[in-house]
Amino acid sequence: MNPGLLYLLTKQTLGTLRKARRRFKGPKGIALFIGVALAATLMIGPQILVFMNPQLAATDVSFQGLLDEWGPHALLLMAIMTSVSSGGLYFSPAEVTHLFPAPISRRDLLLYNILCRMKVQILSGLLVSIFLARWATHWYGGVAACVLFLIFMQLSSQLGGLFFATVGDRLARPVKRFGAIAILCAVALLVSRHTGFGAMTEFSQILAGLESVRETPGIQQVAWITRPFIEVLGSPDVSRMLLWSAASIGVLAILVAIMMALDLAYLEGAVATSRKFQKMLERARGGGGAMSVSGPSKARFSLPHLPFLGGAGALAWRQLTEVTRHPKPILMLGFMMALFLLPMSMMSSIRPEPADGFGFWATLLMLLPMVVMTTLMTMHLTFDFRRDVDRLAFLKSLPLRPFGVACGQLIANTMLLTVLQLVAVSFLAVLGIADVLTLLVLTPVLLLINWVSVGLDNLFFLLMPHRIVPKDPGQAQFMGRLMLVMGLKSLSLMVTLAVAAIPAIVVQMVVEGPGELAALSTTPVLAAFALLFTWLIGRSFQSFDVSKDIPT
Amino acid sequence: MDPDTVAVRVDNFTKVYDQRTAVDRLSFDVQRGEILGLVGPNGSGKTTTLRCISGILPPTSGSVLLLGHDVVKDPIAAKRNLAIVADDPNLFESLTVWEHLEFSAQVFGLQDWQARAEGLLEEFEITDRRQSLADELSRGMRQKVAICAAFLHEPAVLLLDEPLTGLDPHAIRNLYAALERQAKEGTAVIVSSHLLGQISSLCSRFLIIKNGRALQAGTIDEIRSQLDALPDDASLEDIFFHATDVGDETDAS
């Protein structure tokens, strides 16, 4: 391998650590470090407690059996899916600029690409294992399995990418676009005909059919490729774990050897893929999150102007107009809510009787998951400061008070979240599961909670600027930053809601009246928090240093 | 082709993206010690040409030879004598300025490169930023780092795509001086730029392209003499407008 590539691999890793160290300097850096440490403790702490408690840590025997029977096949299917859906080999713009014209062979470049991405997968595997290792027989098996599994997926994707960057490049566009779907449909059809799925009506019959497919000798043999990874997860002791890890590494080495042996002319395809991907990321960074990478829709209708309201109206109008031009994230969130609602709408056991006074609690029960879901999904609904990451200098140049700017930037997302939640629960009201009147009474509470939720997103964004999508795919620090922000947001929101619940509890104890009254009693506290956060956002916006590039 | 005199030979080179022809049967030579100005309107194929010469993209047809080495068939030997400064100074964000030079030295297998690197940093006035990370630099500074990294291994063929963007007047003057010095030492330089007034005094020859086709090639005097309607003192800008407008009329007819 070219020594320059080895140098680059090492220095980039050290450079990332150096960047992190520089970021933790100064009072703001120390605060950030404390935040990171806190979030890490919150994430890792409960997992360590689970490990330390043998009863909690004990893996369910039936789960182990299921994993043993289906794990290799599921993993194989995932690898095939990853491979056929791979967009191509990705190189960052700096890599294309500096490495492609350099006297470096294609094989060296490919090996560099593999090692570079592998580094990220190892970090991601360690991170993921914090949450998944408890499902392994032993934690060390869990950690090793997570890392090896992610590397396996990465290599599968790169193998597919290599194919599409060379052979696939010569295929006609419809073949490229629908090829993978066509292959999957053909496989599904063959499996269906083999097992007679079409005539099956019972779940057990379908399961039996799938089992018969699984037991097919050919599939059993192919599944041996992925079996070592599953065995690492279920290893009963260290020696067995090491043995199966070695077998897994052998599988990975074979994949790498195949890629090296092919030595395909992938450079042009890689340049095209990288350019396409960069364009997509730029669009996502400047225009609406990870779900709107395909660009704005063709809708061109204009919304009526809002009152000025210290500039907030104009800014909110601009954001709301953008909402109409980028319906994809909203449709996506709506779709996910619908998926969640479907089983709920079938739960006849929780359907309240009209006269039993259970309407409030049933509605609340329906509403809570919606609120939690939308709160977690706000990283994809970014019609606020986060969307304007590259336009903050312009916003600062406007003759508006920071508080007005903060309000204007929060309105669109808050309204959007509230409307989504209300539409979802109204659907349940139509089915008779939720109460419309309760829903109407709870609307101001919802609005305030959403304002606080969106406000927290924006506050942490302005304090710890980050892009909503990474500058390059697979940046481990990007994932870490997102998790940190999510942890801090959840913590702050929980504190806010806990304080807001105090008057509700008092009202409920004193009056023992309708739940709606207790819920409404939270509004003054929530409004106070909303005002406080908006003021803080205004202050943070005012002191935001636009001269510094926003880290990913 | 004599690699002692001809550093770059582009022969009947065509590049097609999907179904769009970006460069159409382009042929030209660049001698050692020559500075060729590659000029043309937006989308004329300048960047594609430079990217294919540097081996980033393969030509759809035709050939590109660097010092006698085919950039497709023998890429490593061809690229050993090449450097390119891209239109966008993409640097590795977590590497310092000095580490970029160190990386370049490693890639090209240079020995005792430190003194030359120091000299380049001084020449382009970025010595005080040697420990800065790339993402702490302005665009102009990044451009300077990219130029220093390209100059480090003293390439026989130097390609610069819009190199003046973001540079301050001092840096432009220093870049010109460095390019002229390199050319005197035998380096073949190809500069693509829209700033015609800036490069007219730098380049010894020009190639005007539009829609991927060569419209005019030669020294300013040679091109001027080929275009009857132009006065004797016509500038590169006048020549460019005339040549590309005539190109438009030809396309229309």
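Two salt bridges are counted between chain A and chain B, a salt bridge being a side-chain nitrogen of Lys or Arg within 4 Å of a carboxyl oxygen of Asp or Glu. One salt bridge joins the side chains of A:Arg18 and B:Glu99, with an N to O distance of 2.8 Å. The model is predicted, with local features requiring pLDDT of at least 70 and side-chain atom pairs pLDDT 80 or more, whereas totals for chains, interfaces and linings use all residues. Side-chain values use heavy atoms, without hydrogens and water; residues are numbered from 1 along each chain as its sequence is written, and chains are lettered from A in the order in which they are written.

On the side of chain A that touches chain B, two or more residues each come from helix H1 (3–23), helix H5 (93–99) and helix H13 (267–287) of chain A, helices being DSSP runs of H or I with at least four residues. H1(A) contributes the most, with 11 residues. In total, 33 residues of chain A are in contact (heavy atoms within 4.5 Å) with 31 residues of chain B. The size of an interface is often given as the accessible area lost when the parts come together. The area buried between chain A and chain B (accessible area lost, 1.4 Å probe, summed over both) is about 2900 Å², and carbon and sulfur atoms give 59% of this area.

Chain B contains nine helices and 10 strands, strands being DSSP runs of E with at least two residues.

Technical notes:
Buried area = accessible area lost by both parts, 1.4 Å probe.
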